[in-house]
Amino acid sequence: MGFDWKEFFTVGMVLFAVIDIFGSIPIIVDLRNKVGHIQSEKASIVAAVIMISFLFVGDEILKLIGIDVNSFAVAGSFVLFFLALEMILGITLYKDDAPNTASIVPIAFPLIAGAGTMTTLLSLRSEYQTINIIFGILANILIVYLVLKSSSRIEKTLGKNGLGVIRKVFGVVLLAIAVKLFAANVKGLFV
């Protein structure tokens with residue numbers, strides 16, 4: 001009932017797909033260009049704390065404020081939907097009048113530890129051992145940190161056109177994830 005490599009790998013891959021840090025590179029680059037600097041360590045630590053905390057108390061918090069997991073997931077699907085529209089159409093929906101940092105909002109939350117990730121953590125908890133989920137979270141946070149730290153190098157390597165293509169492709173992928181999340185949970189709102 002302890003650490004299991006197979007569970008760790010499965011959980012890690014599921015979280016990797018949902019967090020989609022490589023698909024978020026264009027957003028991260030845009031934010032870095034707007035605010036000048038992203039504190040990679042701070043964003044990674046905050047995202048890890050949010051995810052691990054939610055793993056343990058997420059159900060109770062939602063119950064306390066009278067929100068079921070389906071409602072939370074549907075709300076998360078809308079956030080992902082609008083992020084995807086930003087990526088595909090090249091528009092800006094998230095506006096901050098005078099951002100001085102993007103490390104916490106929107107990078108740590110909702111980009112990394114967003115509603116889709118939170119919903120996924122709740123469903124993983126019902127199937128897998130907590131220790132394996134925690135290690136899966138930490139492995140993904142390490143990848144997130146490395147991507148955040150090297151975002152300027154990645155931008156130089158891919159160039160403006162490469163980032164544009166990746167942004168559109170991952171925007172469509174994110175849109176598909178949003179639709180799937182919505183479709184899987186919207187029925188639960190009416191039962």
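Helices (H or I, at least four residues) and strands (E, at least two) are DSSP runs, numbered from the N terminus. This is a predicted model: local features need pLDDT of at least 70, side-chain atom pairs count only at pLDDT 80 or more, and totals for chains, interfaces and linings use all residues. Residues are numbered from 1 along each chain as its sequence is written, and side-chain values use heavy atoms, with hydrogens and water left out.

**Whole chain**

Colour by secondary structure. Zoom out. The C-alpha atoms fill a box of roughly 45 × 40 × 30 Å along the principal axes. Of the 191 residues, 40% are buried (under 20% relative accessible area; exposed is over 50%, partly exposed in between; 1.4 Å probe, protein chains only).

**Stop 1: Thr 117**

Select Thr 117 in helix α6, residues 115–125. Is Thr 117 buried or exposed? Thr 117 has a relative accessible area of 3%, so it is buried. Now show its contacts, meaning heavy atoms within 4.5 Å. Leaving aside neighbours within four places in sequence, Thr 117 touches Leu 15, Val 18, Ile 19, Met 51 and Ile 112.

**Stop 2: helix α2**

Select residues 25–35, helix α2. Eight of its 11 residues are buried, so the helix is mostly covered by that cut-off. Among them are Ile 25, Pro 26, Leu 31 and Arg 32. Which helices do the buried residues of α2 pack against? Show α4 (69–89), α5 (103–112), α7 (130–149) and α8 (151–186) to see them. Then step just past α2 to Gly 36, which takes a positive phi of about 95°.

**Stop 3: the aromatic cluster**

Select Phe 3, Trp 5, Phe 8 and Phe 135, which form one aromatic cluster. Rings of Phe, Tyr and Trp (its six-membered ring) pair if their centres lie within 6.5 Å; planes under 30 degrees apart count as stacked, over 60 as edge-to-face and the rest as tilted. The structure holds seven such pairs. Phe 3 and Phe 8 have ring centres 5.6 Å apart and planes at 45°, so this pair is tilted. Trp 5 and Phe 8 have centres 5.8 Å apart and planes at 80°, so that pair is edge-to-face. Trp 5 and Phe 8 both lie in helix α1 (residues 5–19), three residues apart, about one turn of the helix. Finally, colour by accessibility. Phe 3 is partly exposed at 36% relative accessibility, and Trp 5 is exposed at 64%.
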